[in-house]
Amino acid sequence: MIREFDYENLPIVDVVNEIIVDAIKKNASDIHFDPAEDGLRIRMRIDGLLVDYSKAPLTVQKNLVTRIKILAGMNITESRLPQDGAIKNELEGYELDLRVSSLPVSEGEKIVIRILDYSMSLKGLDKIDFTKENLELVNNMIATPNGIILVTGATGSGKSTTVYAMLQQLNKPETNIITVEDPVEMKIEGINQVQVMSEIGMTFGAALRSILRQDPNIIMIGEIRDDETARIAVRASITGHLVLSTIHTNNSLNTIERLLDMEVERYLLGAALEGIISQRLARRLCDHCKKTQKATEYEKNVIKQAIGVEVEELYVPVGCDECIGGYKGRIAIHEVLKINQDIRDAITSNVNKKDLRLLVYNKSDTSTLLQDGLRKVVAGHTSFEEILKLIDINEDYVGEETDDLKATLIGKVPNNKKEDIEVLNL
């Protein structure tokens with residue numbers, strides 16, 4: 001339902017406060033203020049989808065944008081250039097930690113407020129949807145004294161939440177942990193956190209070079225963005241440090257290729273890489289209204305070929321007052337690769353992509369994103385349709401079984417879902 005505000009009688013300060021509080025109550029991740037010819041369209045991203053929330057008239061558009069920029073510490077006189085800001089405050093009992101971005105568009109300034117929520121990180125690794133097998137692999141990774149562990153995925157896939165959960169588990173009095181972030185998103189007691197400031201020369205590379213002289217046990221790099229950072233991170237990991245970081249790639253195999261493209265030497269990468277955690281976020285079925293439905297032949301075949309499970313019924317979304325379209329909240333889908341000696345040797349000796357794929361997905365304990373997602377479908381946590389939309393299928397994974405599964409998808413999928421095959425990772 002679209003919310004209407006009494007803009008003539010309600011101060012703009014109160015309107016902005018109510019929008020932010022409402023977004024937090026709805027568990028939104030972002031608030032969008034989109035300028036249009038007839039006013040300001042306000043939307044919220046809830047469980048990954050943008051939904052209409054309200055509309056502000058042209059008469060208050062400028063005042064609304066100005067109020068947000070003041071709160072975020074941005075320059076209110078500059079509307080021709082993009083700006084970034086942050087809001088850290090307390091409002092109606094909520095601790096606000098917001099990132100604000102402004103972008104000049106044809107009709108004015110578009111504002112996006114990102115709501116940071118790291119409550120899942122504080123609960124620990126066992127609360128962020130890892131299966132028992134994957135959780136054991138992750139715990140084995142972070143127990144190693146040195147090496148580099150990478151968390152990969154698209155923007156907004158929960159990478160930072162996973163990394164912070166790992167840091168919480170590693171944070172002990174006898175350990176010196178230093179992070180390099182841009183920006184520092186969650187302050188953790190007992191950890192030394194460095195803010196990158198590129199404009200004065202405090203880049204990831206410069207910070208890392210200094211950190212290595214600070215006697216660290218564990219280093220966390222907010223994101224590997226360039227060749228220099230990648231090379232320093234890998235070198236740090238082979239000199240006795242455990243390095244955690246994030247990188248934008250689709251899966252484990254892509255991550256190895258990406259690091260090699262960043263001119264990291266093969267012999268160093270083979271020695272340093274300890275593990276890769278790839279993840280996505282799928283919408284979680286609402287427990288109040290989800291119901292079972294007879295599985296189609298197509299669904300049965302895909303699940304049987306991908307994870308070897310025979311199903312007769314699957315949970316599907318319904319929709320009720322407690323959710324949006326049958327979904328409430330999100331669940332993480334993971335692919336966890338623990339690097340073994342065969343994979344190290346393959347990276348070092350420059351084996352071809354096909355052979356490396358077989359080592360990664362057929363001859364290790366790795367479950368692909370598709371397999372992990374389908375297991376969570378069978379368990380009733382999310383829907384089959386949601387996994388098809390989520391997982392990118394042009395890549396991939398499971399050797400000779402891939403052709404059989406892809407043939408099943410193409411042969412059995414209904415006409416209106418053929419486009420989904422193009423975005424499913426097998």
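Me: Let's start with a single residue. Which residues does Thr 175 touch, not counting those up to four places away in sequence?

Reply: Leaving out residues up to four places away in sequence, Thr 175 touches Leu 170, Asn 217 and Ile 218. Keep in mind that this is a predicted model. Thr 175 sits in the loop between α5 (159-170) and β8 (177-181).

Me: Does Thr 175 count as buried or exposed?

Reply: Buried, because its relative accessibility is 19% and the cut-off for buried is under 20%.

Me: Now the sheets. How do the strands of a sheet pair?

Reply: Through backbone hydrogen bonds, either parallel or antiparallel. Look at the open sheet of 7 strands here: its order is β9-β8-β10-β11-β7-β12-β15, and the pairing is mixed. At the edges you find β9 (192-195) and β15 (327-338), each pairing on one side only. From one strand to the next, the twist averages 20°.

Me: In which sense do β7 and β12 pair?

Reply: Parallel: β7 (residues 147-152) and β12 (residues 273-285) share 5 bridges. To find one of the partners, take Val 151, whose bridge partner in β12 is Ile 277. Then look at what packs there. Helix α13 (residues 369-378) packs on the sheet and touches β12 and β15, with its direction at about 140° to that of β15. Helix α4 (residues 132-142) lies across β7, β11 (242-247), β12 and β15, and runs at about 55° to β15.

Me: What is the order of the open sheet of 6 strands?

Reply: Read it as β3-β2-β1-β6-β5-β4, with antiparallel pairing. β3 (49-56) and β4 (83-91) are the edge strands; each has a single partner strand, so one side of each has no neighbour in the sheet. Direction ignored, neighbouring strands of this sheet are turned by 20° against each other on average.

Me: Which helices pack on that sheet?

Reply: Helix α1 (residues 12-25) packs on it, touching β1, β2, β3, β4, β5 (94-105) and β6, and its direction makes about 115° with that of β5. Helix α2 (residues 58-71) packs on the sheet too, touching β1, β2, β3, β4, β5 and β6; its direction makes about 45° with that of β6.

Me: Let's zoom in on β1. How many of its residues are buried?

Reply: In β1 (residues 28-36), 8 of the 9 residues are buried, so the strand is mostly covered. β1 pairs with β2 (residues 39-46) in the antiparallel sense over 8 bridges, and the two form a hairpin with 2 residues between them. Ala 28, for one, has Ile 46 as its bridge partner in β2. β1 also pairs with β6 (residues 108-115), again antiparallel, over 4 bridges. In β6, His 32 has Val 112 as its bridge partner, while Phe 33 has Ile 111.

Me: And helices: which way do residues three or four places apart point?

Reply: The same way, because an α-helix has 3.6 residues a turn. With that in mind, go to α10 (residues 297-307), where Tyr 298, Glu 299, Lys 300, Val 302, Ile 303, Ala 306 and Ile 307 are buried. After α10 comes Gly 308, with a positive phi near 70°.

Me: Last one: how many cavities of 30 Å³ or more does the structure hold?

Reply: The general idea is that rolling a probe the size of a water molecule over the atoms shows where empty space is left. The structure holds 2 cavities of 30 Å³ or more. Ile 46, Asp 47, Leu 49, Arg 283, Ile 324 and Tyr 327 line it, a lining of 4 nonpolar, no polar and 2 charged residues.

How values were computed:
Residues numbered from 1 in each chain as written. Predicted model: local features only at pLDDT ≥ 70, side-chain atom pairs only at ≥ 80, totals over all residues. Heavy atoms only, no water. Pairing = 2+ DSSP bridges. Axes fitted to C-alpha atoms, helices over the stretch in contact; angles between N-to-C directions. Contact = heavy atoms within 4.5 Å. 1 Å grid on protein atoms, 1.4 Å probe; cavity = no way out; pocket = protein on both sides within 12 Å on 5 of 7 lines; lining within 4 Å. Points joined across faces, edges and corners; volume = space filled by probe spheres on them. Nonpolar A, V, L, I, M, F, W, Y, C, P; charged D, E, K, R; others polar. Buried < 20%, exposed > 50% of the residue type's maximum accessible area, 1.4 Å probe, protein only.
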